[in-house]
Number of protein chains: 4
Amino acid sequence: MCGVVGTFGLPTGINVVEATFDALHMLQHRGTEGVGAIFSNGHEFISPAPFRALGLVADCRWAWPAKKTPSRVLVSAGHVRYGTSGEHSLSTVENLQPFLVEAWCGPFCIAHNGDIPGYEALRGELQAKGATFVSNSDTEVIAQLIARQDDAPDLKSAMIKALAEVQGAFSLVMATPTALVAARDPWGYRPLALARLGEGYIVASETCAFDTLHEDRHAEFLREIEPGELLWIDEHGLQSYRFAESTLHQSCVFEGIYYARPDGQMFGRAMDEFREKLGHQLVAEHGRLCDEGAVITGVPDSSSLIAENFAKVLGRQTEIIFVRHHNAERTFIQPGEKNRENGVRLKFNVIRRRVVGKTIIMIDDSLVRGTTIRRLIRMLKRNGAARIIVLIASPPICHPCRYGIDMKTYEQLLAAVLGSDIEAIRAFIEADELRYLSMEGLERVVGDHENFCFACFNGKYAF
Amino acid sequence: MCGVVGTFGLPTGINVVEATFDALHMLQHRGTEGVGAIFSNGHEFISPAPFRALGLVADCRWAWPAKKTPSRVLVSAGHVRYGTSGEHSLSTVENLQPFLVEAWCGPFCIAHNGDIPGYEALRGELQAKGATFVSNSDTEVIAQLIARQDDAPDLKSAMIKALAEVQGAFSLVMATPTALVAARDPWGYRPLALARLGEGYIVASETCAFDTLHEDRHAEFLREIEPGELLWIDEHGLQSYRFAESTLHQSCVFEGIYYARPDGQMFGRAMDEFREKLGHQLVAEHGRLCDEGAVITGVPDSSSLIAENFAKVLGRQTEIIFVRHHNAERTFIQPGEKNRENGVRLKFNVIRRRVVGKTIIMIDDSLVRGTTIRRLIRMLKRNGAARIIVLIASPPICHPCRYGIDMKTYEQLLAAVLGSDIEAIRAFIEADELRYLSMEGLERVVGDHENFCFACFNGKYAF
Amino acid sequence: MCGVVGTFGLPTGINVVEATFDALHMLQHRGTEGVGAIFSNGHEFISPAPFRALGLVADCRWAWPAKKTPSRVLVSAGHVRYGTSGEHSLSTVENLQPFLVEAWCGPFCIAHNGDIPGYEALRGELQAKGATFVSNSDTEVIAQLIARQDDAPDLKSAMIKALAEVQGAFSLVMATPTALVAARDPWGYRPLALARLGEGYIVASETCAFDTLHEDRHAEFLREIEPGELLWIDEHGLQSYRFAESTLHQSCVFEGIYYARPDGQMFGRAMDEFREKLGHQLVAEHGRLCDEGAVITGVPDSSSLIAENFAKVLGRQTEIIFVRHHNAERTFIQPGEKNRENGVRLKFNVIRRRVVGKTIIMIDDSLVRGTTIRRLIRMLKRNGAARIIVLIASPPICHPCRYGIDMKTYEQLLAAVLGSDIEAIRAFIEADELRYLSMEGLERVVGDHENFCFACFNGKYAF
Amino acid sequence: MCGVVGTFGLPTGINVVEATFDALHMLQHRGTEGVGAIFSNGHEFISPAPFRALGLVADCRWAWPAKKTPSRVLVSAGHVRYGTSGEHSLSTVENLQPFLVEAWCGPFCIAHNGDIPGYEALRGELQAKGATFVSNSDTEVIAQLIARQDDAPDLKSAMIKALAEVQGAFSLVMATPTALVAARDPWGYRPLALARLGEGYIVASETCAFDTLHEDRHAEFLREIEPGELLWIDEHGLQSYRFAESTLHQSCVFEGIYYARPDGQMFGRAMDEFREKLGHQLVAEHGRLCDEGAVITGVPDSSSLIAENFAKVLGRQTEIIFVRHHNAERTFIQPGEKNRENGVRLKFNVIRRRVVGKTIIMIDDSLVRGTTIRRLIRMLKRNGAARIIVLIASPPICHPCRYGIDMKTYEQLLAAVLGSDIEAIRAFIEADELRYLSMEGLERVVGDHENFCFACFNGKYAF
């Protein structure tokens with residue numbers, strides 16, 4: 001998973017470099033491996049290569065040499081990258097985006113959220129025509145495809161032509177020294193939103209990135225980029241193009257369940273409301289499991305809103321039983337599985353007095369590997385909890401994601417490995433009871449579910 | 001503020017270096033400027049100087065050269081230090097503890113939580129007798145005072161004699177190559193707790209540090225070190241000495257209100273229960289302000305438990321309206337006030353849909369400078385909140401702390417600067433209403449309040 | 001200027017990673033800005049991107065993660081890059097080589113010594129055909145030109161075809177996972193030599209790189225790569241191809257005068273002997289200036305051999321008057337002209353007793369900017385030298401180099417700026433007398449001078 | 001070995017911080033483990049702790065935060081420390097000097113060159129009186145001894161009293177915020193020199209440190225500090241005190257043979273002249289070994305002057321056969337013996353053509369471990385040298401040094417291990433012949449040899 005951001009022509013008084021890093025910081029949950037950004041002064045990019053650094057935005061941003069910041073930044077583009085867990089030692093700055101190329105139409109750069117299934121074939125075709133690649137990423141393939149539209153009169157046309165050829169999930173922020181470009185694949189897998197601040201614009205994966213741009217006012221959220229739409233923003237203003245028909249919408253439901261921050265809008269929904277509805281539906285399906293004396297809690301922080309509404313519908317209250325360490329993330333920076341497990345141990349602690357002898361209703365948004373929740377359950381039992389009932393606010397995840405979520409193999413999915421055997425999953429995570437939300441329940445929460453991708457739950461891939 | 005930890009003779013199978021860093025990580029909230037630790041193999045300290053590094057435990061601990069860890073660590077001592085805000089650029093590794101000296105009785109080291117008011121006089125006396133100091137810390141004064149007990153037969157006696165001479169707040173963890181020592185001033189200002197794991201012992205500022213020592217079992221909390229008590233733990237076991245009469249107990253009430261993590265015990269109390277009672281008392285005093293449609297929320301995370309119980313007593317529920325960024329702390333690492341303010345902006349965001357047009361009951365544990373809450377209030381208003389009622393779960397802080405909390409001058413205390421004028425404070429923080437808990441209410445929550453120090457509220461200093 | 005190195009199939013028992021860094025260390029004088037290297041295990045390159053680091057080999061090499069070194073390294077390629085002085089702050093790791101691309105024929109990488117005049121045109125042509133570039137270097141142009149030979153049956157043929165199209169100075173080391181390739185432009189501007197060690201091969205810019213490969217034996221110098229030759233070395237052995245006619249040889253005479261280390265062979269000559277002859281010729285032309293009591297000295301270390309032979313022919317001896325600091329180079333790591341001047345001050349000191357009242361015959365190989373020698377002359381005068389006669393063992397440098405030496409503009413050449421006015425140059429450097437070697441004298445030293453490029457002296461560029 | 005430097009009241013226009021680092025850079029050969037420095041603005045030291053950093057001056061100095069430099073620096077003191085080879089991994093910044101203490105007389109700091117044999121006893125005595133130590137260094141013992149002169153009226157008197165009690169080798173630079181102090185032990189083991197620049201003063205271990213202070217003029221060398229003398233320099237000028245009788249002078253002859261740079265004065269001698277005389281005497285004793293066709297060379301750079309004069313007396317010339325790498329020192333920064341050996345391999349290369357079939361007269365100043373010269377000899381033989389005659393310009397080193405040179409055990413001295421058996425030493429270093437200078441010869445070179453310490457040659461220790 002990744003996060004992308006881009007700005008054009010932000011009002012005087014805003015330090016665009018800082019604003020771009022702030023926005024990336026707000027997207028940090030979408031990728032923690034590394035950060036990249038590029039800035040233009042209206043004539044050229046102001047560094048020969050994009051700024052790129054491994055680590056968190058809050059740590060890396062100070063590496064930007066402030067004195068390089070020009071008096072005016074016209075265009076910026078930035079990216080946070082998700083690091084495949086367990087291989088962190090292989091992280092290299094070379095993998096970070098935006099990806100910058102010099103082509104016949106001058107330099108441009110791309111920041112990409114999504115995945116292009118089978119991009120290797122496209123890459124091979126280009127190589128056969130003499131193209132060389134300096135990375136293994138699908139992003140570079142898109143870049144070269146754009147550059148190769150030699151019958152296109154200009155870069156904009158080349159982008160429109162090239163993107164029409166790409167079958168895959170992509171929310172792109174592209175930048176030239178004079179223009180900001182945003183585009184979203186015809187299926188609309190990944191989010192991408194547009195806002196205005198004064199005369200300027202900002203696009204970002206999530207709308208929370210619009211909220212920190214300015215001390216005293218938010219950027220005004222305008223709308224989401226449409227599936228199949230390319231927005232070209234330059235000194236002549238904002239122009240919208242449709243590079244492909246969008247007949248089948250496939251927005252990622254897992255964004256709503258887990259990934260998206262609750263303080264924003266995505267796919268036409270308020271994300272906090274979406275979580276509330278998950279809690280609501282969870283009551284409808286499994287509320288009766290919740291005895292009088294049971295403690296209701298969400299796995300912090302991602303499931304807190306779901307749990308809050310679950311309790312509310314029941315006329316109950318959630319109780320805080322886990323204390324979360326604010327700086328525990330850092331533990332993951334060292335590689336290896338041992339550290340991941342230590343991570344849980346060092347990240348959460350239990351308030352013993354609140355769980356001793358109690359039945360705990362533990363609500364989580366989803367269950368992927370199952371190792372984290374198992375550790376939490378063990379922790380609760382070691383602290384004297386009598387009985388642990390786990391409610392998962394989505395169905396079992398049985399299929400890998402081809403469109404950008406870091407669940408790429410069957411092996412890493414507990415429900416896939418255990419053949420969707422709920423009892424086996426329950427035994428693995430060492431809970432006393434385990435319930436999932438039903439597929440129908442999730443569809444009900446979503447509403448127009450035919451416009452969403454549920455492939456990780458039901459294996460129905462669009463391609 | 002600081003946190004201290006020490007271990008002796010932990011069972012085989014535990015990597016004591018890792019366990020010590022884990023424990024320090026659990027005390028991270030007590031100090032984020034830097035970390036120090038020392039380890040003994042039973043014969044000598046295994047590094048010529050203590051390990052010391054500026055930054056968070058999770059970041060710094062990797063700097064310890066793992067290959068240096070001997071097969072057995074008998075004694076360890078560690079410290080996290082609080083950095084005085086705004087002067088972070090002056091942080092130097094030299095200030096970090098434990099402080100190690102070589103004296104007639106061999107090497108020993110000290111990690112200190114607390115403050116010795118007027119230690120400069122004591123330092124001057126020692127200098128006049130020929131002592132040299134390599135730092136400005138009160139900790140070094142204690143070390144030299146111990147070394148100077150030349151009529152004491154051994155280090156233990158010297159410590160007992162020396163500590164009797166010190167008037168101040170100190171919870172100390174001291175280590176020699178063969179013994180772990182814990183001591184607490186006769187007033188008991190700062191916490192210090194003892195636990196056992198197998199045949200071994202661990203002492204720490206807070207009991208949450210006992211919970212991560214071992215994968216499968218907690219260290220067993222035994223008791224707190226008594227005011228005026230010195231514990232000497234070596235291969236002959238644990239011995240307790242009383243180095244001074246303890247006629248006046250002065251445990252710091254602010255630890256309970258704000259500092260202490262809720263997942264532990266301190267001053268004979270469960271800290272989560274203490275916070276619950278604050279919520280309870282807050283209802284008793286100001287519950288009527290809470291209209292039907294009002295949103296009840298605590299400033300995350302420190303006030304969440306207070307707010308939870310406040311709502312519960314009213315038969316209501318708290319609502320999540322702030323999204324807290326998990327990696328925002330890092331922002332503070334850069335120096336200066338501007339960054340502190342940015343910190344709030346980048347740390348919290350508001351879920352707009354949940355506050356628009358609403359009355360917000362915002363509960364905070366205490367109000368020191370008032371700048372953070374003002375920024376949150378502005379953020380709520382910018383998101384459309386109709387009315388903001390702030391309830392503070394403690395009385396106005398009008399006096400600096402002499403005993404270890406980083407509130408050292410009147411200038412930095414909003415209530416002191418504004419002469420306890422509640423209306424002026426309300427105007428400053430830009431709330432619509434502001435209520436504090438009464439002094440009597442706080443005393444009722446505390447119970448045996450004569451054993452506690454309330455100096456920051458009432459100016460009654462023991463010395 | 002740069003240095004390149006490559007190895008293939010070095011004998012078991014040699015750590016190829018270490019050996020490659022050792023060889024690059026020996027070429028350090030050819031470039032101090034940064035280092036790059038890549039290694040193959042016989043199947044693939046063992047890191048996703050080349051190792052690249054700014055700084056000296058001796059400093060950077062430790063950044064290579066030793067545990068990454070596989071049990072066998074089949075192919076290696078490395079590069080040291082010259083940093084344009086004064087702009088060191090603009091150094092970025094992105095500029096470092098080898099340059100790695102993935103093409104239809106798989107991955108290959110290029111390390112390049114030399115310059116391609118007018119490569120921008122070639123780059124534009126490729127861009128017009130849809131190529132994208134990620135750097136501004138001529139090296140990437142060569143890489144893409146190779147990849148674009150779509151009618152070539154394999155990479156080897158593509159290289160041979162592509163290099164035939166390039167008009168420029170290039171000594172290339174290229175690597176694939178299974179083959180080492182060395183090639184030299186048809187004019188032979190830059191050196192490139194081949195050696196054998198056991199069954200393996202090594203190519204390098206200078207033969208001194210062959211001397212440190214093995215504790216107990218040197219690699220055996222076989223020959224230089226011929227102008228217009230491409231060597232392909234793989235498991236089937238060494239094959240030689242001629243990719244272009246080589247009718248005009250243009251070996252760089254400045255390599256012999258200044259750049260090349262004296263402990264090697266280049267362009268069919270022993271470099272120490274070449275310097276001896278320069279000293280010899282200098283006597284022939286200016287020996288009479290050397291009075292009885294004059295002190296003969298060379299500017300250390302580059303001119304020491306010239307001075308030694310100058311003295312010898314006269315039946316005299318050089319005298320040590322400058323003490324050179326061994327670690328002064330580091331001073332240049334900070335950017336800017338001020339530091340360059342400080343560099344001289346901190347790098348050399350004068351043994352006062354040996355120069356007071358004396359006439360100094362100061363021999364230097366060449367005179368480019370004149371600032372360093374002026375500073376040395378001032379230093380001598382401040383120490384009481386009576387008279388300073390400067391003898392330059394080459395003619396005035398009046399023209400920039402187009403073929404790889406870092407003398408790219410007229411402005412930086414003192415003789416060009418002062419219109420070859422020897423008296424003006426003498427005044428600028430503050431010497432009492434100044435003599436250059438004549439053009440004829442230099443030609444005599446060179447011997448077959450029609451095979452050499454003297455463009456920096458006479459402005460006769462081949463293209 | 002170490003180097004010390006101090007300045008007082010340097011003229012306006014000189015950046016004292018830069019000047020102090022420059023001076024330390026000139027003393028780099030006396031210690032490469034780390035650097036320390038402290039600066040006063042005339043009222044207080046301008047950093048709470050001395051600047052200290054591991055590594056070379058040229059690398060470390062940039063870590064000084066330039067913005068901290070005040071407009072005026074009144075006093076500075078600096079130190080370069082020698083790192084015991086092979087244990088480099090144990091280097092810690094804690095060992096670096098100057099050592100700063102706060103005493104009754106205010107803060108002062110000490111930078112020390114030399115060794116105090118048996119300082120542990122003195123340390124024990126102080127500890128018995130209640131002193132605590134934070135390091136194991138003899139320097140801290142001196143500091144505390146000074147602080148403990150409680151009947152002294154002021155710091156100056158305390159220094160004078162305390163130093164009279166110390167039996168050992170010490171050249172000290174001490175600083176207070178308002179005064180610079182220089183002192184030398186009564187035996188005068190280590191050098192310490194004084195110079196003036198304008199109204200200001202500078203003291204340093206070697207006079208070469210005076211030569212880089214100012215662009216256009218040297219500091220004027222005034223004299224050496226006398227054995228048993230303490231110089232106190234403050235705003236009232238320079239005052240000289242004699243803290244002890246100096247009846248037996250014991251200047252270290254090894255400084256003259258090896259350590260001291262040749263571009264300076266020490267112990268009343270010009271160091272280049274001293275080296276010339278060694279060459280002269282070497283001819284007298286072994287000149288007949290030098291056949292007509294033999295190549296005379298010195299091991300660069302330390303023996304170059306000896307070899308130059310050896311050749312000159314014989315009417316011959318030295319020849320350059322070794323090429324020394326300018327950045328090879330860095331190799332030693334990684335720990336361990338293997339790297340030390342690699343160091344030689346990467347530091348020197350041989351110009352083969354100049355040694356093939358030749359007899360080499362290889363002159364070295366001294367022979368300590370013998371491993372470096374053995375490696376050079378092997379290198380010469382591998383390059384075809386016919387016969388290697390080694391001439392050592394000093395007698396066999398058979399005894400450790402107690403006074404500051406890093407030859408502290410018999411085990412590390414080849415001549416001691418082999419019982420002064422010259423034939424065995426020759427065999428070990430693999431030379432064809434080996435000759436040492438005689439003890440009488442060395443005494444003749446020295447002149448007033450009764451004023452010098454020859455203990456490493458003859459075992460006659462003063463204490």
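## Briefing: helix crossing, chain copies and confidence

In chain A, helix 4 passes helix 5 in a right-handed crossing. The model is predicted. For the complex, the predictor gives an ipTM of 0.92 and a pTM of 0.88.

**Confidence in chain A**

- The mean pLDDT of chain A is 91. In this chain, 94% of the residues reach 70 or more.
- Residues 85–89 of chain A have a pLDDT below 50. Beyond near neighbours in sequence, the model gives this stretch six contacts.
- Residues 330–337 of chain A also have a pLDDT below 50. That stretch has 19 contacts in the model beyond near neighbours in sequence.
- Where pLDDT is low, predicted coordinates should not be read in detail.

**How chains A and B relate**

- A rotation of 180° superposes chain A on chain B. The shift along the axis is 0.0 Å, and the RMSD is 0.0 Å.
- Of the interface residues of chain A, 100% are also interface residues in chain B, so the copies meet through the same surface.

**How chains D and B relate**

**Chain pairs without contact**

- Chain B and chain C are not joined by any contact. Their closest C-alpha atoms lie 16 Å apart.
- Chain A and chain D are not joined by any contact either. The closest C-alpha atoms of chain A and chain D lie 16 Å apart.

**Helix 4 and helix 5 of chain A**

- Helix 4 of chain A covers residues 138–147, and helix 5 of chain A covers residues 155–164.
- The two axes come within 8 Å and cross at roughly 120°.
- From helix 4 of chain A, the residues in contact are A:Ile142, A:Leu145 and A:Ile146. They meet A:Leu155, A:Ala158, A:Met159, A:Ala162 and A:Leu163 in helix 5 of chain A.
- The residues of this contact are eight nonpolar, no polar and no charged.

**Cis peptide bonds in chain C**

- C:Gln97 and C:Pro98 are joined by a cis peptide bond, with omega about 5°. C:Pro98 sits in the loop between strand 4 (75–81) and strand 5 (99–103) of chain C.
- The peptide bond from C:Pro300 to C:Asp301 is also cis. Its omega is near -15°. C:Asp301 lies in the loop between strand 17 (295–298) and helix 8 (304–313) of chain C.

**A positive phi in chain D**

- D:Phe267 has a phi near 50°. This is a positive value in a residue other than glycine.
- D:Phe267 lies in the loop between strand 15 (265–266) and strand 16 (269–270) of chain D.

Key: Residues are numbered from 1 along each chain as its sequence is written. Chains are lettered from A and ligands numbered from 1 in the order in which they are written. This is a predicted model: local features need pLDDT of at least 70, side-chain atom pairs count only at pLDDT 80 or more; totals for chains, interfaces and linings use all residues. Side-chain values use heavy atoms; hydrogens and water are left out. Contact means heavy atoms within 4.5 Å. Axes are lines fitted to C-alpha atoms, for helices over the stretch in contact, and angles run from 0 to 180 degrees between N-to-C directions. Helices (H or I, at least four residues) and strands (E, at least two) are DSSP runs, numbered from the N terminus. A crossing is left-handed if the near helix is turned anticlockwise from the far one by less than a right angle, and right-handed if clockwise. Ala, Val, Leu, Ile, Met, Phe, Trp, Tyr, Cys and Pro count as nonpolar, Asp, Glu, Lys and Arg as charged, and the others, Gly among them, as polar. pLDDT is the predictor's confidence in each residue, from 0 to 100. Copies are superposed by least squares on the C-alpha atoms of residues with pLDDT of at least 70 in both.
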